[in-house]
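Here are some notes for a colleague who is opening this structure for the first time. Please keep the sequence and the model side by side while reading the numbered points.

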Amino acid sequence: MSYSSLSFIAMQKVESMMNSSPAILKRIDNIIKSDEDKRLYRGLLLFNNMKVLLVSDPATDKSAAALHVNVGYMSDPDNIPGLAHFCEHMLFLGTKKYPDENDYHKFLSEHGGSSNASTTTDHTNYYFDVAPNHLKEALDRFSQFFKAPLFTESATSRELNAVHSEHEKNLTSDIWRMDQLDKHTANSQHPYHKFGTGILSVIIPLLFLLFYISPGNKYTLDISQKENGVNVREALLKFHSTWYSSNIMSLAVLGKGTLLHISLVIDSQTSGLKLKLYVD
Ligand SMILES: [Zn+2]
C-alpha cells in the first residue's frame, strides 16, 4: 500500500474519531459564506455546550482565536461596580499552569502576536493572534484563563491601578461620557444603570457622580470595599467560578491547517473547560 493510501486511511480514522468524539455533540459544515470567501468553516457544539467556530485559511500569515463569555458588567455584584471588567484584566496575570504574570504576553510577543480583551454590558471578549506555527502553545496558555486563573493577592492590588488609569483616561473621552450619561439616566432598577469600570481616590467619587464612567475604578474596587470589609480577591474567584461556564462561551479559531487539524489542536484545550450549568 502506498504512503498516500496509508495516510488517507489514517486521516479517515482520525476523522471518524473526531465525528464520534464524546467531546463533540454536533458538527455543522454547511455554513453559508460568500462565493469569494476561500476560507473553510466548521461549527462545533462541544459536550460541555460550548460553541466553536473553526476557520481554515492556508494563506493566512497569522493564526488567531477569540473567546466570548456571555457575561459583562451588568452582572457585577451591586456592591462591587467594575468587578467583571477587573476579572477580565486579572485573567492575563497568571494561571495555575503558567504562573508567571508575563508568560502570555511574552509568548505572544516572541512569536509575532498580540492580544487584548474587552468587557461590555453582557459580554466579555478575549482574543489574540500569533504566528501560525505557534497556535497550539498560544491556545494552551489562553485556555488556562478560563480553567484555572490564580488571581494572586499581589497582582490583584497592583492591577487595581491599571483599571483606575483606564477609568481616568475614559473621563476625558466624550464617547465614554455620553455612554455613562445614558446609563446614569436609565432606570435605576435595571442593571444597565450600573457603573462598569470600577475607581481609587476619595476625590474621584465627586467626579464619579458627574461622569460615572464604565467600567470600574479604585474607589469602587478597592477603597469602598476595604471600608466595607469586602475581600475583592474572593469576590473575583466567586465571580469567575459562577459565570465562566462553558455553556455561555463561544470560541472562534483561525488556523493555517485543515479544519480537522484545528479541531485536534483545540480538543485538548477545551476539554478542561467546565460546564457549571449557569442557567439564566
Ligand atoms: Zn480594561
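1. A place to begin is Phe151, which lies in the loop between α4 and α5; here helices (H or I, at least four residues) and strands (E, at least two) are DSSP runs, numbered from the N terminus. The phi of Phe151 is near 50°, a positive value in a residue other than glycine. Phe151 counts as buried because it has 22 C-beta neighbours inside 10 Å, where a residue is buried if 20 or more other C-beta atoms lie within 10 Å of its own, exposed if 12 or fewer, and partly exposed in between, with C-beta atoms placed from the backbone.

2. On how to read the model: residues are numbered from 1 along each chain as its sequence is written. The model is predicted, so that local features need pLDDT of at least 70 and side-chain atom pairs count only at pLDDT 80 or more, while totals for chains, interfaces and linings use all residues.

3. The protein averages a pLDDT of 82, and 80% of the residues score at least 70. Over residues 1–20 the pLDDT is below 50, and this stretch has 7 contacts in the model beyond near neighbours in sequence, a contact meaning that the C-beta atoms of two residues, placed from the backbone, lie within 7 Å. Over residues 199–214 the pLDDT is also below 50, and there the model has 41 contacts beyond near neighbours in sequence. Where pLDDT is low, the predicted coordinates should not be read in detail.

4. Taken as a whole, the protein has 10 helices and 7 strands, and of its 280 residues 37% count as buried. Among contacts between residues at least 6 apart in sequence, 70% join residues at least 24 apart.

5. The 7 strands form an open sheet in the order β1-β2-β3-β7-β4-β6-β5, with mixed pairing; two strands are said to pair if DSSP finds at least two bridges between them. The edge strands, each pairing on one side only, are β1 (24–28) and β5 (114–119). From one strand to the next the twist averages 15°, with axes taken as lines fitted to C-alpha atoms, for helices over the stretch in contact, and angles running from 0 to 180 degrees between N-to-C directions.

6. Within the sheet, strand β7 (residues 249–255) pairs with β4 (residues 63–69) in the antiparallel sense over 6 bridges. Val69 stands opposite Met249 in β7, and the bridge partner of His68 in that strand is Ser250. Strand β3 (residues 51–56) is joined to β7 by 6 bridges and runs parallel to it, with Ser56 standing opposite Gly255. Because 5 of its 7 residues are buried, β7 is largely enclosed by the rest of the structure.

7. Elsewhere in the sheet, β5 and β6 pair in the antiparallel sense over 6 bridges, and a hairpin joins β5 to β6 through 4 residues. Arg42 lies in strand β2 (residues 40–46) and counts as partly exposed, because it has 19 C-beta neighbours inside 10 Å. Leaving aside its neighbours within four places in sequence, Arg42 is in contact with Arg27, Ile28, Asp29, Leu54 and Leu259.

8. What is found at the loop between β2 and β3? Asn49 lies in that loop and has a positive phi of about 70° although it is not a glycine.

9. The largest nonpolar core has 51 residues, and Ala65, Leu83, Cys87, Ala138, Leu236 and Val253 are those with the most contacts inside it; such a core is a set of buried Ala, Val, Leu, Ile, Met, Phe, Trp, Tyr and Cys residues joined through C-beta atoms within 7 Å. Its largest share, 6 residues, comes from helix α4 (residues 135–147). Helix α4 lies across β4, β6 (124–130) and β7, running at about 160° to β6.

Terms used. pLDDT = per-residue confidence, 0-100.
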